[in-house]
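Subject: Structure for you to look at

Hello,

Please find the structure below, together with its sequence. My notes on it follow.

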Amino acid sequence: MQQKEQAALFLLRVGLGVFLLLWSCDKFAEPDTTVKIFQGFYKIPISGSAAHVIGGIEALISVLIIAGAWRSYTYAIGLTLHTISTIASWRQLTSPFSQGHHLFVAAIPVLTAFIALYVLRDRDTLWAVDSLSALHMERETK
């Protein structure tokens, strides 16, 4: 059972990391859209340059999540980022069948997946950088 659990958590980690990474790439590909999203959903005016900086930071976090590095921190940051964006879209979530809002509903299962990954972060060891370095250190001490 442990191998199945580790494989499932690995897939969850990689899937959620890629999910965030795609949003990061969007900030580079469509910075004007990011500017509009920040203004419309978060009421924060940003520039196209700021969209690139945000995308870069988010991309770094995404890669660290995919790698399983600093899991307690990076998973919490990913969860926090997605929680904020889900809360910011509450209007769309309360009226999912109007004006194409139905795609916003996908934020809910993604949010629950981030919660599950964070809760089970200590068991997510398959090809996780944290686990590999701990295993290496353990072998050196023997």
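I start with a salt bridge: the side chains of Arg13 and Asp124 meet at 2.8 Å, N to O. Please keep in mind that this is a predicted model. Arg13 sits in helix α1 and Asp124 in the loop between α6 and α7, so this pair ties together parts that are 111 residues apart in sequence. Both residues, Arg13 and Asp124, are buried.

In total the structure holds 4 salt bridges. Another of them joins the side chains of Glu5 and Arg123, with 3.0 Å from N to O. Glu5 belongs to helix α1 and Arg123 to the loop between α6 and α7 (129–141 for α7), so here the parts tied together are 118 residues apart in sequence. Glu5 is partly exposed, with a relative accessible area of 26%. Arg123 is also partly exposed, with a value of 46%.

A further salt bridge is formed by Arg71 and Asp130, whose closest N and O atoms are 3.3 Å apart. This pair links distant parts of the chain, since Arg71 is in helix α4 and Asp130 in helix α7, 59 residues apart. Arg71 is buried, with a relative accessible area of 12%.

Next, helix α1. Helix α1 has 28 residues and reaches 40 Å from its first C-alpha to its last, close to the 40 Å expected at 1.5 Å a residue. Its buried residues are Gln6, Leu9, Phe10, Arg13, Leu16, Gly17, Leu20, Ser24 and Lys27. What do the buried residues of α1 pack against? They pack against α2 (31–42), α3, α4 and α6.

Gln6 is one of the buried polar side chains to look at. Gln6 lies in helix α1, which covers residues 2–29. Its relative accessible area is 17%, and it counts as buried because the cut-off is under 20%. Leaving aside neighbours within four places in sequence, Gln6 is in contact with Arg123, Thr125 and Leu126. Arg123 is the residue that pairs with Glu5 in the salt bridge described above.

In soluble globular proteins, nonpolar side chains tend to be buried together. The largest nonpolar core here has 12 residues in all: Leu9, Leu16, Leu20, Ile61, Ile65, Tyr75, Leu79, Val110, Leu111, Ala113, Phe114 and Leu117. The elements that give two or more residues to this core are α1, α3 (48–67), α4 and α6 (107–119). Helix α6 gives the most, with 5 residues.

Ile65 is a member of this core. Beyond its neighbours within four places in sequence, Ile65 is in contact with Arg13, Gly17, Leu20, Thr74, Tyr75 and Gly78.

Last, the surface. Which residues form a nonpolar patch there? Trp70, Tyr73, Ile77 and Leu81 do, with about 450 Å² of accessible area together. Leu81 is placed in helix α4, residues 71–88. Leu81 is partly exposed, with a relative accessible area of 33%.

Regards

Technical notes: Residues are numbered from 1 along each chain as its sequence is written. This is a predicted model: local features need pLDDT of at least 70, side-chain atom pairs count only at pLDDT 80 or more; totals for chains, interfaces and linings use all residues. Side-chain values use heavy atoms; hydrogens and water are left out. Patches are made of residues with over 30% relative accessible area and no salt bridge: like charges are joined within 9 Å, nonpolar side chains (Val, Leu, Ile, Met, Phe, Trp, Tyr) within 5 Å. Accessible areas come from the Shrake-Rupley method with a 1.4 Å probe; for residues, only the protein chains shown count as cover. Helices (H or I, at least four residues) and strands (E, at least two) are DSSP runs, numbered from the N terminus. Buried means under 20% relative accessible area, exposed over 50%, partly exposed in between (1.4 Å probe, protein chains only). Contact means heavy atoms within 4.5 Å. A nonpolar core is a set of buried Ala, Val, Leu, Ile, Met, Phe, Trp, Tyr and Cys residues joined through side-chain atoms within 4.5 Å. The expected span of a helix is 1.5 Å times one less than its number of residues.
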